[in-house]
Amino acid sequence: MADLRKRATNNKATDVDTETENEGANQDSDTNLDLDSEDDKSLGNKVDLSNTIPSGTDKAPELLDATLSSLPPKWRNWVIRGIFTWVMIFGFALMIYAGPLALMLVVLAVQVKCFAEIINIGYAVYKIHGLPWFRSLSWYFLITSNYFFYGESLVDYFGVVDNRTEFLRALVKYHRFISFSLYIGGFVWFVLSLVKRYYMKQFSLFAWTHVALLIVVTQSYLIIRNIFQGLIWFIVPVSMIVCNDVMAYMFGFFFGRTPLIKLSPKKTWEGFIGGGFATVIFGLMISYVLCQYPFFVCPIEFKEELGRMTLDCEPSPLFRPQEYTVPATLAPVVRMVTGKDTVMIIPFLFHSLSMSVFSSVIGPFGGFFASGFKRAFKIKDFGDIIPGHGGIMDRFDCQYLMATFVNVYISSFIRMDSPQILLQQIYSLKPELQLELFTALRDSLTARGILQLPAP
């Protein structure tokens, strides 16, 4: 009897030990499942997307490819890049001719394509194409971000018209709350879409999406803000980046001998310096030409009586020649040439010089940043939409950095306040506050002799 009792106790202990081992195995299994997924084995420790992301550097239309087949690869690539560079330049000029609205639509289209190229790399890296909702979530966040940023511009520049319609007035008044609510909806959607065994990948792509939004959407919004200040604040910086890119390539192709940076082995000091000098000269020339035309220098304003945007104004002193006294050391030379100690210079040229220096010295680092990103994932280009160049992001990596600089430069050193924005802020006030502001402004203008009131 004692033996039976002892044997039962031993069997029970064995069962407990077995159960404990099974629970430990199950916990280890669950832990592995939480950390790893079935496609991690195929991913391995290395990320190589060279066969997944299409490359456009060596791509060319069949007819052009057949025509250039006899050329060495280096010269074949040079000709293809040259042809499509001019195609893009002429397309850019055509968009400028079409007006500011066309430019804004093109900026939006470029933004969407750049976002798609960056997000597609994320999908390829983390290999979660089959996960529910995540691709939809990425585009939802893009739409939400655009609603917020572009809505801010519409409120600022078209608020006078918006306030005349009850429905639009509500959208204007609660714009930021609506934007926040839309984002919170996406946030909740993301949390509900989390799938066991894919947590790390999903959160990684969530961060990837937001970094892409920061790089692409925010910068395109700043480009739109620059356009509203006058087309010259858009055309000159964009042209400088294009000039620097082209001339650095040309100088590097023909004279490059000294490597510049390891991230981009083909970049040389000769190309960097030659492109910089060419950009400064080009920037001053194009700025001088554009300053002669109100179409390029006038801020974009919505004329309520015309029902459309206009570029008609009296150019500000910033774009008209001003007389400057030259330093004493240069006075003799200037006096020999002009017969006096002063020179006539358009003030905008000084600002153009600052922008050209930035685009030559700092601008290329946007390209280096993109090169490092591509090298991290072993891809040659972001896409293949532009033969000889790659994807849209390959051509606009420096433009976004330049757009931020120009917007900061305008707000720091130019400070051009738009009457449209001021009117919108006034119209958003309560009627009694508007009347109080009117009375205070009238009294101030009268006291300073600017406004003459009729005698009672």
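1. Contact here means heavy atoms within 4.5 Å. With that in mind, Ser356 touches Met240, Thr279 and Val280, leaving aside residues up to four places away in sequence. A word on the source: this is a predicted model, in which local features need pLDDT of at least 70, side-chain atom pairs count only at pLDDT 80 or more, and totals for chains, interfaces and linings use all residues. Residues are numbered from 1 along each chain as its sequence is written, and side-chain values use heavy atoms, with hydrogens and water left out.

2. Staying with Ser356, you will find this residue in helix α14 (residues 348-361); helices are DSSP runs of H or I with at least four residues, numbered from the N terminus. Ser356 counts as buried because its relative accessibility is 0%, buried being under 20% relative accessible area with a 1.4 Å probe and protein chains only. Its side chain reaches the backbone oxygen of Leu353 at 2.8 Å.

3. Now to the largest nonpolar core, which has 74 residues. Such a core is a set of buried Ala, Val, Leu, Ile, Met, Phe, Trp, Tyr and Cys residues joined through side-chain atoms within 4.5 Å. Those with the most contacts inside it include Ile232, Trp233 and Phe348. Helix α9 (residues 199-228) gives the most to this core, with 13 residues.

4. Ile232 is worth a look on screen: beyond residues up to four places away in sequence, its contacts include Pro237, Leu290, Phe319 and Phe348.

5. Lastly, a hairpin joins β1 to β2 through 2 residues. In β2, Ser264 is the bridge partner of Ile261.

Note on methods. Buried < 20%, exposed > 50% of the residue type's maximum accessible area, 1.4 Å probe, protein only. Polar contact = N/O pair within 3.5 Å; in protein donor to acceptor, adjacent residues only side chain to side chain. Pairing = 2+ DSSP bridges.
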